[in-house]
Amino acid sequence: MHEWLGKIASLASLSSIPGKAVETVVEKVVGGTYSLVESEVTRFKNVEEEMERLKRTCERINSLLTDAEERRYIEDDNVKLWLCELRSISFDSDDLLGEYQTALSIYKHNSSQAGSSRKRKYLDALPSLSWSPEWGPLQRRKFSTAIDKINKKLDDINNARKNLRLRGADGTMRQRPGAFQPTCHIDPAKIVGRGTETKIIIDLLKSDGADPHRKIHVVVIHGTAAIGKTTLAKKVFDEIDGDFQKIWVCLSGPCDSVNTTKEILKEMTNRSCDLGTMNMILDSIRDHLKQSTAMEILLAIDNLWTEGFHFWDPLQAALLSSKKKIKVLITTRNERIGSVMLASCYNLMGLNEDECFELLGSQAGIDKQNEILVSIGKNIATRCGGSPMAAKILGAHLHGKGEEEWTEVLSEMRSLKDDRNEVMPSLKISYHHLPYHIKLCYSYCSIFPNGYKFEKDQVIRYWLAEGLIQPEGRRRLELVGSKYFDDLVWRSFFEKVPSCNQSHVEYYRIPSLMYDLARHVSQYEFVELESSTSHRGTSHPSTSLPELKHVQARRYCSLLHRAYQGTNPGVVKIENVYPYLNLRTLKLCGEYINIIVPLNLLSLDLFRNLKCLRVLDLSNSGLKNLPDSVSELIHLRYLGLSNTKIEKIPEKLSELFNLQTLELKGCLELKELPQGMSKLVNLRHLELRIEWEEITDSTKLVIPQGIKELELLQTCSRFNVPSDNSKGQSTINELKDLNLRGDLCILNLENVQTPEDARDANLRGKQFIENLMLRWSESPPSNPKQWSHSKDVLTSLQPNNRIKRLWIMNYPGTNFPRWVGDSSFSSLEAIRISNHNNFTFLSLLGGLPRLKNLHIENIAARTIRPFEGFQSLENLTLLNLLCLERLTLENEMPKIRKVYISECPNLKDLVIHREVYNKFERGNCAKLTNIVYVD
């Protein structure tokens with residue numbers, strides 16, 4: 001007993017807890033650890049009590065780790081390693097407790113179900129849990145042995161502490177991290193300085209370079225990481241004037257010629273690109289440029305890597321074919337790219353000390369009347385190395401802090417040095433002052449490749465699956481995770497990826513230096529393996545820890561597939577991960593953007609070797625089938641299969657009791673979900689999103705009956721209404737009580753039997769749906785009565801007035817219900833209406849107070865009457881109006897930025913306000929000759 005008390009006390013001594021506090025901690029731990037030193041027989045008899053006490057001991061270990069991490073700088077690698085081993089025990093305990101809790105939860109859930117046979121079936125489905133909570137001798141022995149192993153590991157850690165002679169004074173004291181600061185008081189996008197640089201770059205772009213006869217002029221901004229290249233380029237991009245079609249392309253990392261050019265075409269057209277060859281992509285670029293009415297093209301390519309510039313020669317030829325003047329703006333770290341592309345080069349230097357202080361002070365909200373803080377702030381700014389990122393990050397950390405905290409940061413900057421990069425010490429200081437739970441979330445993101453673009457929801461769902469989000473009362477965990485994410489964006493640990501397209505999906509990335517820092521702080525738990533070689537990993541720390549322990553310590557893994565242009569992509573060696581038995585996250589990644597990893601089959605050994613997985617993401621691969629043995633992953637919370645070729649999800653998946661997220665975005669060949677989906681009682685996110693432009697009548701997916709039983713479900717982004725003779729499928733009224741959020745796409749609305757069924761879907765009560773698509777099949781109804789029926793259905797499908805984006809497709813009714821343009825829809829910013837037989841809806845839409853984007857296509861009408869209202873409209877798109885002969889846009893639209901008309905081959909007459917015409921672009925309107933201007 002005394003040995004255990006001493007052990008816990010020694011663990012506590014690493015933190016700064018004073019002597020009396022240690023005694024208090026020991027007293028609190030006594031009840032939670034006494035059974036761990038009792039005899040094995042006692043443990044055998046009291047498994048339930050042992051598990052509860054193990055849970056409390058695990059909580060205390062985590063509290064100790066939090067205290068040590070938040071209150072001390074620990075620079076000694078051996079001490080760091082000792083703490084990592086302690087955290088490893090926490091992981092092991094969590095795994096054991098997870099198995100135990102899963103069995104109890106299944107038992108409790110099935111106790112409420114009828115039929116004892118079903119209870120037995122549930123439990124038998126879990127290989128390592130094929131028993132009931134009335135534990136038998138074998139099960140009690142198993143838990144007793146597992147607890148004994150954890151006990152011995154704690155003994156080893158205690159002995160290591162003695163050998164290292166760790167004391168309570170180890171590590172430098174620091175202040176506890178402050179609370180999260182609200183973002184509403186700070187403008188993270190504020191740009192300080194760079195006025196001179198902006199003018200120089202704009203002048204370079206407007207000039208013709210050394211050769212005035214060249215139709216393409218390239219300007220390259222190069223400089224070190226975190227110096228502000230992207231910010232400057234975006235400022236130039238927004239401020240340059242002229243008759244430009246502006247195209248902004250952000251490359252997320254190294255990419256080959258085909259994928260770089262794909263990204264350019266995607267941004268040009270605002271559509272995804274699935275073309276397979278370079279020639280096809282270049283032909284599409286040529287066609288698009290020919291249709292553009294702009295006199296000049298401004299193409300900005302952000303973050304061009306050395307590996308990617310070979311795309312330039314074929315792209316340049318395609319651009320030249322347009323007969324337009326082409327301006328290209330590139331940001332890169334590599335000065336050599338400028339000489340290869342015969343460009344005008346600008347070497348971007350850092351901010352001066354005054355500019356650094358202005359940026360830091362703005363982010364920190366400094367009172368410039370406080371001379372002491374101003375003096376300290378100027379000293380801090382001097383040590384930022386001219387980096388805007390360093391100034392912003394430190395300013396965010398110091399926001400709302402007092403003189404003591406400012407002095408502490410300055411002292412830390414004086415003591416920390418990094419010979420490789422003078423900016424890194426500033427970044428480390430900001431990281432050290434993060435709350436511990438935010439540190440864990442940030443370091444976890446080292447699983448992404450450098451430059452990887454990710455969605456906010458994707459990251460939050462990873463964190464949720466790993467248990468990194470701390471509960472805050474009754475708030476949704478996703479909402480708490482969103483706060484973590486916003487905090488990291490505000491502090492510049494994450495940044496939003498600039499884009500000029502109108503997609504409602506926002507992407508983020510980790511800035512390059514912050515990514516280096518994430519890899520550094522996660523080096524003991526993260527490993528990156530290569531999928532096509534026998535390589536054992538690239539992220540092992542340089543310590544003397546035996547390789548076996550390295551393997552056991554790894555919890556997060558990226559399996560990186562390299563596929564160089566012109567080489568055989570090779571076979572994905574998934575077996576490279578098998579030695580890492582304790583992995584909790586496995587993510588398959590392609591080296592380049594848009595790469596589909598050639599993984600077609602999974603070995604059964606994957607799931608039998610990696611039984612601790614919480615997150616398994618095999619997205620963007622050629623996977624066609626998922627083996628039944630996936631049901632052996634009893635801890636699995638997140639399964640990612642997006643953008644794969646999978647056709648059917650195995651029925652066994654419905655036995656994953658803990659599953660929270662099933663990601664199936666872009667799975668165009670998926671036809672069926674498991675019939676037992678209703679058993680996934682912990683499922684929160686069923687992500688079935690497909691690009692709405694890619695949806696056709698053949699986009700069918702069977703949603704099995706019983707989806708209404710999933711009470712925690714928040715995301716179900718696609719729903720096919722079954723025909724009346726379909727059996728075993730969910731009908732539209734099963735959506736009634738689901739509190740769905742985000743996107744919702746309802747297909748095959750012609751199958752809705754009655755307006756009452758549509759009303760029962762309760763779209764009006766779903767206040768968190770932001771983007772809604774309502775789609776009928778393309779085939780027009782044969783019975784005229786169905787026209788009236790369709791209007792009644794659409795009337796009953798009125799959504800909540802908080803909706804932001806609405807697309808109505810193939811609506812067969814003769815007119816629209818009045819809710820479509822009701823002014824109470826004060827959040828509605830984008831409407832798209834496709835395949836309708838007249839334009840009567842325009843009179844409804846003009847009164848929407850915040851409508852910014854209106855897209856109309858495939859409407860069978862010869863005349864469009866004047867647009868009235870539309871006081872907030874910014875973008876108007878008219879496509880494929882094959883019958884249209886006369887268009888009237890005589891009314892001024894004060895906020896209009898772009899009017900784009902294309903594929904209207906019979907359009908002859910245009911009446912247009914002169915101010916609107918200045919924003920007018922057209923393509924393939926060959927008969928348009930009569931244009932009347934109205935002032």
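## Overall build

Of the chain's 935 residues, 56% count as buried. The model is predicted. The chain holds 28 helices and 31 strands.

Among contacts with a separation of 6 or more, 66% link residues 24 or more positions apart. The chain exposes about 39,700 Å². Carbon and sulfur atoms supply 47% of that area.

## Confidence

The average pLDDT of the chain is 79. A score of at least 70 is reached by 81% of the residues. Residues 1-41 have a pLDDT below 50. In the model this stretch still has 74 contacts beyond near neighbours in sequence. Residues 114-132 also fall below 50. Their contacts beyond near neighbours in sequence number 36.

## The second largest pocket

How big is the volume of the second largest pocket? It is about 1,400 Å³. The pocket is lined by 40 residues. Closest to its centre are N62, D94, E466, G467 and R584.

Which helix gives the largest share of the lining? Helix 5 does, with ten residues. This helix spans residues 77-111. Helix 4 (47-71), helix 19 (436-444) and helix 20 (456-465) each supply at least two lining residues as well. By class, the lining has 16 nonpolar, 13 polar and eleven charged residues.

## D241 and its loop

D241 sits in the loop that runs from helix 9 (229-239) to strand 4 (244-250). Its relative accessibility is 49%, so D241 counts as partly exposed. The cut-off for exposed is over 50%.

K206 lies 35 residues from D241 in sequence. In space, the two C-alpha atoms are 9.6 Å apart.

## Two loop residues with positive phi

F870 lies in the loop between strand 25 (863-864) and strand 26 (875-879). Its phi is near 55°, a positive value in a residue other than glycine. Is F870 buried or exposed? F870 is buried, because its relative accessible area is 2% and buried means under 20%.

E903 also has a phi near 55°, again positive in a residue other than glycine. E903 belongs to the loop between strand 28 (898-902) and strand 29 (909-913). At 25% relative accessibility, E903 counts as partly exposed. So F870 is buried, whereas E903 is partly exposed.

How values were computed:
Residues are numbered from 1 along each chain as its sequence is written. This is a predicted model: local features need pLDDT of at least 70, side-chain atom pairs count only at pLDDT 80 or more; totals for chains, interfaces and linings use all residues. Side-chain values use heavy atoms; hydrogens and water are left out. Helices (H or I, at least four residues) and strands (E, at least two) are DSSP runs, numbered from the N terminus. Buried means under 20% relative accessible area, exposed over 50%, partly exposed in between (1.4 Å probe, protein chains only). Contact means heavy atoms within 4.5 Å. Accessible areas come from the Shrake-Rupley method with a 1.4 Å probe; for residues, only the protein chains shown count as cover. On a 1 Å grid over the protein atoms alone, a cavity is a set of points where a 1.4 Å probe fits but cannot get out, and a pocket is an open set with protein on both sides within 12 Å along at least five of seven lines; lining residues have an atom within 4 Å of a point. Grid points are joined across faces, edges and corners, and a volume is the space filled by probe spheres set on the points. Ala, Val, Leu, Ile, Met, Phe, Trp, Tyr, Cys and Pro count as nonpolar, Asp, Glu, Lys and Arg as charged, and the others, Gly among them, as polar. pLDDT is the predictor's confidence in each residue, from 0 to 100.
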